[in-house]
Amino acid sequence: MKKKNKEVEISPFEEFYFSLENDEGILVKEYLDSLRAHILLPKEERDEMVHDFEKAILFLCNTGVPLKESLERLAISNLGGFYSRPPVNWFSLDDSAKIYPLSMDAEQMAIFRQSVYLKADVVPDILQIALTFTIKRFPSFATTVKKGFFWHYLDTSKRRYGIESETGIPCMQLNIAYSSSQTFRVIWYKNRISVEFFHILTDGTGALAFLKALIAQYLTLLGVKSSNEGIVDINERPEAEEVENAYSRASHIAKNEIEKPKMFSGIMDKPATQMSGKLSFMRPCQVFHFNLDAKKVKDIAKLNKVTVTSYILSRLLIAGKSATDDLEGDISLQVPINMRQFYPSRTFKNFVLYCGIRFPIGEIRNDAIFLQKVSKQLSEKSSIEEMNRMLSSTRGIVKAMQYVPLSLKSKVAGFCYGFLGDRIFSNMLSNIGVVRMPPEYSKYIDKMDFVLGSTITNRASCAMITFGNTTTLSISKQTSDPSFEDALYALFCSDGIIPSVEGSKLNDI
Amino acid sequence: MTFKEVYPHVHNKRSIRQFFMTICKWLFIFASITCALFNIFIGGKAWSVVAIWSMWLVWDQLLNPDMVEYNRISQIIKLVINSCILLILTDNFLASGWAAQVVPIICSSSMGLVAVLLFTDFKTQQRNLLPLILFCFECLIAIAVYYIWLRTQINLAMVIMGLCTFGLLMACFIRLGGEFIEEFKKRFSVK
């Protein structure tokens with residue numbers, strides 16, 4: 001009888017391992033044994049993580065890095081005790097985050113994305129390890145959303161946080177339903193590394209700190225050496241201030257400065273005019289990035305004696321006017337204000353409030369006087385006095401609702417958010433400002449972008465970020481009507497800034 | 001305006017699902033209103049209440065799943081509570097006299113099922129305790145309402161349900177020890 005020989009498949013790592021000299025083989029074996037001892041997760045997850053490290057070793061060695069140096073770069077000390085301790089921490093939501101799980105539904109979830117475009121294609125095997133090392137420094141991100149009796153909260157989730165290759169639309173819904181589902185994702189596509197966060201976790205500032213740490217770790221693993229100035233040290237111990245509800249502390253300080261705090265101050269207003277396109281099923285249905293010459297933008301703003309944000313706001317208001325058929329009504333732009341400028345805080349949680357820049361359609365004109373009006377309104381509405389009023393009002397609402405059971409709150413809050421929160425604005429502009437990385441890393445980075453996710457009734461939302469000499473203004477569209485971006489493009493061209501435009505195909509049914 | 005595409009091609013599966021859900025939602029709303037109007041028009045027993053709740057049960061359980069804490073314990077408890085309400089409505093509006101026996105039996109047996117699911121995978125499921133704790137409290141409140149407010153005779157099914165509730169809460173407390181208190185702190189925090 002003929003006996004069949006079962007062929008044993010050898011993985012590329014095993015092939016590499018068997019090809020090593022005896023002492024190198026021992027080194028690798030000791031490393032993997034120690035790795036296993038530091039990952040006390042369920043077997044499948046531990047095996048998957050070990051496999052991640054094997055792939056990273058293989059990649060580094062195949063690119064000519066000596067084995068010893070590869071293992072040093074992938075040092076197990078970078079894991080800390082994160083994967084070997086049971087999850088015990090939990091985090092209550094900050095005041096601003098409390099609304100997000102209450103108002104989300106199958107079609108709408110507050111997600112935003114920040115991306116870094118590298119000068120070379122992303123190496124997923126290395127990015128995975130960078131994430132494995134980085135996540136432990138951000139304990140409030142390594143969590144899953146849970147329901148309490150009164151509020152949602154974040155429960156620590158010890159698991160393998162995996163990267164994903166990009167297949168969906170930007171800022172696609174996250175599935176946070178299951179036990180230990182993650183509330184953020186790290187995505188890569190060609191030369192782009194993106195992090196998408198559910199707003200419950202953090203705001204733009206916190207997300208940027210994470211993204212910078214992740215990119216720094218990624219480049220370090222690839223052999224780039226830097227002082228890491230301005231970047232969170234992933235091997236430092238997290239501090240309590242980084243996970244604090246900064247609204248609470250700030251409202252105590254602000255309380256003495258407000259004469260008569262009003263409920264709903266700055267939160268309620270009359271509905272704003274919306275752009276005229278039909279709302280798409282898929283949201284956002286299209287994303288555009290206007291890459292602008294940062295110096296030119298700054299020069300134009302300086303020439304008109306306004307800030308860059310005021311200049312861009314004026315362009316958005318004018319483009320908004322072109323995108324609506326309404327002849328009356330107000331166009332209102334929501335502008336998030338980073339509260340850290342008024343109340344310094346190291347929190348990675350949300351610490352933003354917003355103001356509304358509102359003009360009647362008839363008053364919106366493409367001239368220098370209008371630009372001055374925008375600038376004036378922005379400086380008035382984003383002043384510390386206005387923000388204190390809103391802070392106190394937000395705090396008041398949270399306190400008034402704190403003893404109402406979650407099941408009741410979710411019905412009321414969901415309705416109010418849909419009815420009030422979105423309709424009082426026509427569009428949004430979130431400007432994260434100028435991002436700086438140490439020069440050793442900047443050499444490898446082309447640009448960055450910042451994208452906002454879907455809204456309920458607004459047809460577009462805009463976000464801006466500047467890296468190097470590129471200011472990227474990203475537009476998330478909720479309609480297939482191209483009037484808004486066409487008008488905006490024409491406005492920039494008429495100002496002498498020719499944007500190079502990138503984006504996604506229109507996705508809708 | 002021309003632009004360079006920098007995103008991969010996307011499949012429309014998700015938006016097709018959303019489209020289907022929107023159609024279902026409006027069909028359910030239409031069917032509910034039709035039921036109620038038809039019932040009012042032809043008169044008789046309020047069968048439309050039972051029909052509308054049955055439709056809600058299907059919608060809530062199958063077509064609109066929870067977006068947070070979708071796990072086997074929460075889903076079983078949600079099904080049991082929805083089913084018990086359906087039985088009570090049927091008892092009240094169509095054929096009366098049996099719900100006081102049947103509902104506690106269903107609750108007791110579902111507690112047994114949940115206990116098996118919880119203790120066979122305790123490490124994972126211990127973090128999904130809130131629906132179970134709330135269910136236990138709801139059962140105790142139901143017993144209190146039944147005996148104190150309605151002043152009805154004691155029946156064996158209710159006693160068994162009460163015992164099961166206490167038993168399950170005690171078992172959780174013994175198994176979790178100090179963590180049970182910690183779980184309570186998290187779940188009932190007002191911060």
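Into which domains is chain B divided?

**View 1. The two domains of chain B.** In this predicted model, chain B comprises domain 1 (1-64) and domain 2 (68-191). Their C-alpha centres lie 29 Å apart. Domain 1 of chain B gives 10 residues to the contact between them, and domain 2 of chain B gives 9 residues. On the side of domain 1 of chain B that touches domain 2 of chain B, 6 residues are nonpolar, 2 are polar and 2 are charged.

**View 2. The contact between chain A and chain B.** Here 43 residues of chain A are in contact with 33 residues of chain B. The elements of chain A that each contribute two or more residues to this side are strands E1 (90-92), E3 (143-147), E4 (152-156), E8 (286-293) and E15 (500-503), together with helix H15 (483-494). By class, this side of chain A holds 23 nonpolar, 10 polar and 10 charged residues.

**View 3. Strand pairing between the chains.** Strand E15(A) pairs with strand E1 (residues 4-5) of chain B in the parallel sense, over 2 bridges. A:Gly503 has B:Glu5 of E1(B) as its bridge partner.

**View 4. Helix H3 of chain B and its buried face.** The 22 residues of helix H3 (residues 72-93) of chain B should span 32 Å at 1.5 Å a residue, and the distance of 31 Å between its end C-alpha atoms agrees with this. B:Ile73, B:Ser74, B:Ile77 and B:Cys84 are buried in H3(B). Viewed down the helix axis, the buried residues of H3(B) fall within an arc of 95°, and therefore line one face of the helix. They pack against helices H4 (99-120), H5 (122-125) and H6 (130-149) of chain B.

Definitions and conventions
Residues numbered from 1 in each chain as written. Chains lettered and ligands numbered in written order. Predicted model: local features only at pLDDT ≥ 70, side-chain atom pairs only at ≥ 80, totals over all residues. Contact = placed C-beta atoms within 7 Å. Helix = DSSP H or I, 4+ residues; strand = E, 2+ residues; numbered from the N terminus. Nonpolar A, V, L, I, M, F, W, Y, C, P; charged D, E, K, R; others polar. Pairing = 2+ DSSP bridges. Expected span 1.5 Å × (residues − 1). Buried ≥ 20, exposed ≤ 12 C-beta atoms within 10 Å, placed from the backbone. Arc of directions from axis to C-beta. Domains from an automatic or database assignment.
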